[in-house]
Amino acid sequence: MMTREWTSIEEKTVARKAKQPVVRKQGAKSRTRRLVVLVATRKGAWLYHGDAARRTWRADGPHFLGHTISHLVLDPRDGRTLLAAAKTGHLGPTVFRSTDFGRTWKEAARPPAFAKAADGEKGRAVDHTFWLTPGRAADRDVWYAGTSPQGLFRSADGGVAWEPFSIINDDPQFREWMGTVQDGTPDGPKLHSVIVDPRDGAHFYIAMSGGGVHESVNGGRTWKTLIKGLDVVEGFGFDPSKPTFHDPHCVRICPTNPDRLYQQNHCGIYRLDRPSDTWARIGRSMPKRVGDIGFPLVVHPRDADTAWVFPMDGTTVWPRTSPDGKPAAYVTRNAGKTWQRLDAGLPRGQAWWTVKRQAMTADAADPVGLYFGTTSGELWMSRDEGRRWACIAQHLPEIYSVEVAAL
């Protein structure tokens with residue numbers, strides 16, 4: 001681990017005039033309340049410590065330089081334990097754990113791994129852990145993990161030891177829906193968007209790329225598919241009633257209304273209001289020239305009608321870049337009836353990057369701060385809910401995930 005610093009009088013003066021964030025010296029005096037932005041990349045992880053005003057940032061990193069970090073998450077229950085989903089050259093897929101906010105790390109004693117196949121049967125091996133979700137406040141030390149290929153795991157000791165969770169990993173029906181490794185996304189098929197209902201620790205949602213969205217109300221013993229209303233890719237004769245042909249990119253639950261979920265899908269943006277089991281495509285009201293295809297989706301921490309997305313070019317060959325090289329976030333403040341473009345401060349053209357499904361998040365401040373990382377290694381933030389953007393960091397490796405926490 002190493003700590004990097006940026007600072008100069010000229011940089012601070014220019015940034016202050018432009019109302020841009022600056023990176024302050026490691027020894028500078030901090031305020032009472034702080035924020036930390038957790039950035040996982042293709043070649044390591046970084047922590048960006050910010051003050052309460054979200055104007056100055058100190059970079060801590062890289063951690064795990066050269067290793068692929070898919071997800072870096074701070075345990076909200078103690079505010080100091082970090083879990084990193086890693087794929088390393090010599091250790092393979094694993095999970096690292098720090099109980100001192102990243103000063104030291106220790107590998108999980110038993111990382112997520114599929115059960116050994118019976119003699120004569122072809123087994124599966126975890127390529128990498130992709131998604132990490134801490135349990136509810138009442139379920140201390142419980143964590144959940146989604147892997148590539150699709151698998152669901154649970155730890156009851158803070159991430160030290162992991163066991164297969166639920167029937168999903170070896171159930172023949174789920175295995176059929178998962179398809180094969182060759183059928184997956186460019187970085188491999190994934191189980192992601194592991195959601196625990198904050199009101200009920202036995203109520204779960206998961207998403208599989210591919211394989212659809214699923215719900216359990218009995219602690220994972222049984223599952224129900226939630227794919228009604230979702231479109232499938234046209235022109236291939238796919239049956240929309242089969243989960244195999246559904247590719248959810250990101251599913252989020254509303255913090256203030258857990259009966260509402262939003263989804264950014266391979267085929268659009270959707271909303272689900274329980275007890276209904278039918279998704280409504282709310283992305284059709286997006287500008288036609290932009291479309292409603294993308295990966296990340298963020299929900300306002302206090303307003304269930306407000307959500308943000310970051311569209312990409314989803315036409316024909318799916319270049320996975322900003323449409324026309326002009327990146328922008330879009331916000332709805334009426335549950336998807338209308339959308340507003342948010343591009344002030346972002347490049348006006350020739351910016352051919354995009355944002356991955358875990359690489360956009362929000363803090364709980366007022367106004368809400370938004371953060372996203374790009375495939376070209378830039379970390380952006382907004383202190384005013386996306387009305388204006390500023391770049392915190394450049395020249396990082398490709399960013400896989402961005403999380404934020406208040407300390």
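Here are some questions and answers about this predicted model.

Q: What kind of model is this, and which pLDDT do its local features need?
A: Residues are numbered from 1 along each chain as its sequence is written, and side-chain values use heavy atoms, with hydrogens and water left out. This is a predicted model in which side-chain atom pairs count only at pLDDT 80 or more, totals for chains, interfaces and linings use all residues, and local features need pLDDT of at least 70.

Q: How much space lies in the largest pocket?
A: Rolling a probe the size of a water molecule over the atoms shows where empty space is left. On a 1 Å grid over the protein atoms alone, a pocket is an open set of points where a 1.4 Å probe fits, with protein on both sides within 12 Å along at least five of seven lines. Points are joined across faces, edges and corners, and a volume is the space filled by probe spheres set on them. For the largest pocket that comes to about 1,500 Å³.

Q: Of the residues that line the largest pocket, which are the closest to its centre?
A: Lining residues have an atom within 4 Å of a point, and the largest pocket has 43 of them. The closest to the centre are Pro76, Pro134, Pro255, Glu403 and Val404.

Q: Which strand supplies the largest share of the lining of the largest pocket?
A: Strands here are DSSP runs of E with at least two residues, while helices are runs of H or I with at least four, both numbered from the N terminus. Several strands supply at least two lining residues each, including S3 (35–41), S10 (128–134) and S18 (248–254). The largest share, five residues, comes from S30.

Q: Of the residues that line the second largest pocket, which are the closest to its centre?
A: About 610 Å³ of space lies in the second largest pocket. Its 24 lining residues divide into nine nonpolar, six polar and nine charged. The closest to the centre are Arg281, Gly291, Asp292, Ile293 and Gly314.

Q: Is Gly291 buried or partly exposed?
A: Gly291 sits in the loop between strand S21 (280–281) and S22. Buried means under 20% relative accessible area, exposed over 50%, and partly exposed in between, using a 1.4 Å probe and protein chains only. At 22%, Gly291 is therefore partly exposed.

Q: Which residue forms a salt bridge with Asp231?
A: A salt bridge is a side-chain nitrogen of Lys or Arg within 4 Å of a carboxyl oxygen of Asp or Glu. For Asp231 the closest N and O atoms are 2.7 Å apart, and the partner is Arg281. That pair links distant parts of the chain, with Asp231 in the loop between strand S17 (224–225) and S18, and Arg281 in strand S21, 50 residues apart. Arg284 and Asp292 join in too, giving a network of salt bridges made up of Asp231, Arg281, Arg284 and Asp292.

Q: How many residues apart are Glu398 and Arg42?
A: Glu398 forms a salt bridge with Arg42, their closest N and O atoms being 3.4 Å apart. Glu398 is in the loop between strand S29 (390–393) and S30, and Arg42 is in the loop between S3 and strand S4 (44–50).

Q: How far away from Asp60 is the nearest side chain of opposite charge?
A: Asp60 lies in strand S5 (residues 56–63) and is buried yet has no salt bridge. For charge, Lys and Arg count as positive and Asp and Glu as negative, with His and the chain ends not counted. The nearest side chain of opposite charge is Arg58, at 5.0 Å.

Q: Which side chain does a polar contact join to Asp60?
A: A polar contact is a pair of N or O atoms within 3.5 Å; within protein, one must be able to donate a hydrogen and the other to accept it, and residues adjacent in sequence count only if both atoms are side-chain atoms. Here the contact is 3.2 Å and the partner side chain is His63.

Q: Is Asp324 exposed or buried?
A: Asp324 has a positive phi of about 60° although it is not a glycine. With a relative accessible area of 55%, Asp324 is exposed.

Methods:
Ala, Val, Leu, Ile, Met, Phe, Trp, Tyr, Cys and Pro count as nonpolar, Asp, Glu, Lys and Arg as charged, and the others, Gly among them, as polar.
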